[in-house]
Every structure is written in C-alpha cells, then in structure tokens.
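Good morning, and thank you for coming.

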Amino acid sequence: MRSIWNGAISFGLVSIPIKLVNATENHSVSFRQIHTEDGGRIRYRKVCELEDREVTSAEIGKGYEDADGSIIPITDQDLAALPIPTAKTIEIVAFVPADRIDPLQIDAAYYLGANGVPAAKPYTLLREALKRSRKVAIAKYALRGRERLGMLRVVDDVIAMHGLLWPDEIREPEGVAPDSHVTVRDAELDLADALMDTLGEVDMSTLHDDYRAAVEELIAAKVEGGAPAEKAPAGEVGGAKVIDLMAALENSVRAARTARGESAGAGEPAESGEGVGEAEVTRLGDRRAKTASAAPRKTASARKSAPAAPKEVGGKKSTSTAAKKKDAPAKKTATKSTATARRSTAGKASASGATTGKTAAKTAVKTAAKTATRTAAKKTTEKTSKKTAQKTAQKTAQKTAGEKTASAQKTTARRRASA
C-alpha cells in the first residue's frame, strides 16, 4: 500500500520512524455531471477572475479571505516555517482507557507501519506496551495543512491510528430528543430485550452495501443494452403514523426467531400489553408441538367427564363401607313392609278369630319380608350394575386417552428426528 505521509512517532524520548497508510477505502459508485439533452460532460474550469482565463494547477496557491473581502496570500514556505512540533511528528500526549473516547469523535483510520529496519524494535515496543496496558494513546499530528487529534491502538500486529475530531467540533444534541415526556413500561422493555437477544450478534464481514451492488447491476444492464431491473415496492414512509408498539415488538421477536429456526413462542413474556391484538404466527414446528399437546388435553377432559373412582384406604378400596350403604335401603324397605303387614294381619284376626289371625299374620309377615327383600336386592343389583358400567367406561376412556398421547408423542419424535 502506498504511504500518504512520512514522519515519526514521538514516544517520550523515543522516536519511531513510520509511514502513514490509509486503512479504509471508499467503494461508492461515482457519477459525472452531464448535459441531459445531449449527454455532454459538464466540467468545472478554474478561471482567474482578474484575467478571465483558465489557469493550471501549478499556478494555483492558497489565500485567506479577510473580512473586507481582500485575499491574503499564504505560501507553503509560510506554513512550513510555523513552530509546530507535529508538522512531521505524531506526538503522543497521554495514554487513556479506550472507553474514555467518545465514538462521536472517531474520524478517518490509518495504519502506521515501521519505516525501515531500525524502526522495528521501538515500533514493537510501543505495540506490546499498548497491548499489555489495554489502553490507547492520544496523539497530535499535522496532515493536509492542519493539526489533528488522533488515537493509536493495536489491530492484530499493527498500530492503527484513528483521526479524532477536536472536542469543540462535536455539537451538542440540543432539540434532538423527544419534547414530550414518554413512559416506557417494563413489559415493553422485556420485549425489546427479547428482540435484542433473538437478533444476537453478527459477523461484520458478512455485511455488504446492497445499494452499491444494485447500482452496479443497473450500470451493467445499461451497458449490455438490457432493461433495468423492476423497481421493488418501497416501504411506507410515515411521519405521524401511530403504531401498536407492543404488537410490533412481539411480531418482531416472532419473525426474528422464525428466521433463526427457533420456536416463535419460546421465552415470550406471559403477559403482553393491555388491549393488544396479536396475530398468531404458527410455523410448521409449532403445528407439530400443538398436535403433540392435543392428546394430553383430551386426556384431561376425559378424566373430568368420567365419574370419580372409589376412594382408597391404605391402598385397598373400602368395599365394606359401600356394602353397608347398599344394604341400608333394603333393611329400611323390609322394616316398613313388615309393619304394614302386621297392621293388615291384626285387622283380619279380629274378624276371623285369634288362631286363624295369628297363622295368617305369620304367613303375611313372611311373604311381605320376602317381597321386600327381593325388591331391595333388585334395586341394589341395578345400582351396582350402573356403577360397574361407569367404572368400565372410565377405565376405557383413560386407556384410550393414554394410547392417543403415546401415539402423538411417538409421531412428534419421528418428525423431529426426520427434520
């Protein structure tokens, strides 16, 4: 690379001969001004106002325009005679932590190369000292007719210098911040943090100038005589358009996660803003997840609809308590029937005689007791059958739901393995 300036780094009493090389280059597409009617080139000519003629570069010098409009000539010899120690020297004035430098001050970048074999040792010394101290050097230097401020730091095995603007060249941001008071909620900050985490980092080497590439394609198409590419629809440029900030953040997080192949709903805050209408974004992976989760939901609803199973005491069902409850109605029915039969028999005995009445009463009592017992037993059997049927239905529903859950989980596992 061609050097644009030769001088030395003044490091205390150490002087390091160096050459200055541009560390950056401009890849912007340059245009020329032309006459739109005939395509003729428009040129700027340097003309002397007094002689009204065009002059060459060799005839052009510098001059300062005074307040009254008069020009004061300044020659290169005048500038070279100025007592400026930085005319050919990068003078280091301090070493500070890198975070002390405001990025607003950073300007052009240069590489400093050792100029000659004798400069290799002091150059390496300064480079290693900057590495170990983890600091940057603040220096003053003169370039292109003015004194400048610079910052020296290590890039790989080379010392780089960033031109810095002087502190008084940084303008105050007056009137730039929003005038009205704005309150940001924690939920909005959480979504902004989630979006930042999802976007993550980027390999800076993968970034490129899309606009320059499009301009170069346009020029190539015109050179070959082809039609220019169709204009892409431009996005809406809104000034005072009111947007739903929460919905925009949520959709941005979903889109970023979808682009990275992650689940769109993973890690999102449980609560979003009040009254925020969200458009559900379902990717293929989410549909699989929903299919897998549908079976467990069915199982839960089946469990709710099925009758409750008998309580267990000490690991065994309390059948004796249930049996007692079943026999209680039968005993009550038999008692009522016996009392009725006795009343009926007593009435008959008074009409037909004591002996015949006793015999008939005994027979009626036995018959009524048997009938009541059969009726109670029949009712008990019917209740038992109903409960047995309900238990069977419950077990069948649980078994079916479990099989569906297992089948859905296997299907999901197979799809994930194949993906």
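Let me begin with a definition: a patch is made of residues with over 30% relative accessible area and no salt bridge, like charges being joined within 9 Å and nonpolar side chains (Val, Leu, Ile, Met, Phe, Trp, Tyr) within 5 Å. The model is a predicted one, in which local features need pLDDT of at least 70 and side-chain atom pairs count only at pLDDT 80 or more, whereas totals for chains, interfaces and linings use all residues. Residues are numbered from 1 along each chain as its sequence is written, and side-chain values use heavy atoms, with hydrogens and water left out.

Which residues form the negative surface patch? They are Asp-186, Asp-190, Asp-193 and Asp-197; Asp and Glu count as negative, Lys and Arg as positive, and His and the chain ends are not counted. The place of a charge is taken as CG of Asp, CD of Glu, NZ of Lys or CZ of Arg. Asp-190 belongs to helix α3, residues 186-199 (helices are DSSP runs of H or I of at least four residues, strands are E runs of at least two, both numbered from the N terminus). Asp-190 is partly exposed at 41% relative accessible area, where buried means under 20%, exposed over 50%, and partly exposed in between, with a 1.4 Å probe and protein chains only. Such areas come from the Shrake-Rupley method, and for residues only the protein chains shown count as cover.

Turning to the chain as a whole, eight helices and 13 strands are present. Of its 419 residues, 20% count as buried.

Next, the backbone. Most residues other than glycine have a negative phi. Asp-52, however, has a positive phi near 55°; it sits in the loop between β3 (47-48) and β4 (53-54) and is exposed at 64%. Asp-156 likewise has a positive phi, of about 60°. Its loop joins β10 (146-155) and β11 (158-164), and Asp-156 is exposed, at 65%.

Finally, how many salt bridges does the structure hold? There are ten, each a side-chain nitrogen of Lys or Arg within 4 Å of a carboxyl oxygen of Asp or Glu. Arg-53 pairs with Glu-51, at 2.3 Å between the closest N and O atoms, and with Glu-59, at 3.1 Å. Lys-62 and Asp-76 also meet, at 3.1 Å. Lys-62 lies in strand β5 (62-65) and Asp-76 in helix α1 (76-80), so this pair ties together parts 14 residues apart in sequence. A network of salt bridges links Arg-127, Glu-128, Lys-131 and Asp-157.

Methods. Accessible areas come from the Shrake-Rupley method with a 1.4 Å probe; for residues, only the protein chains shown count as cover.
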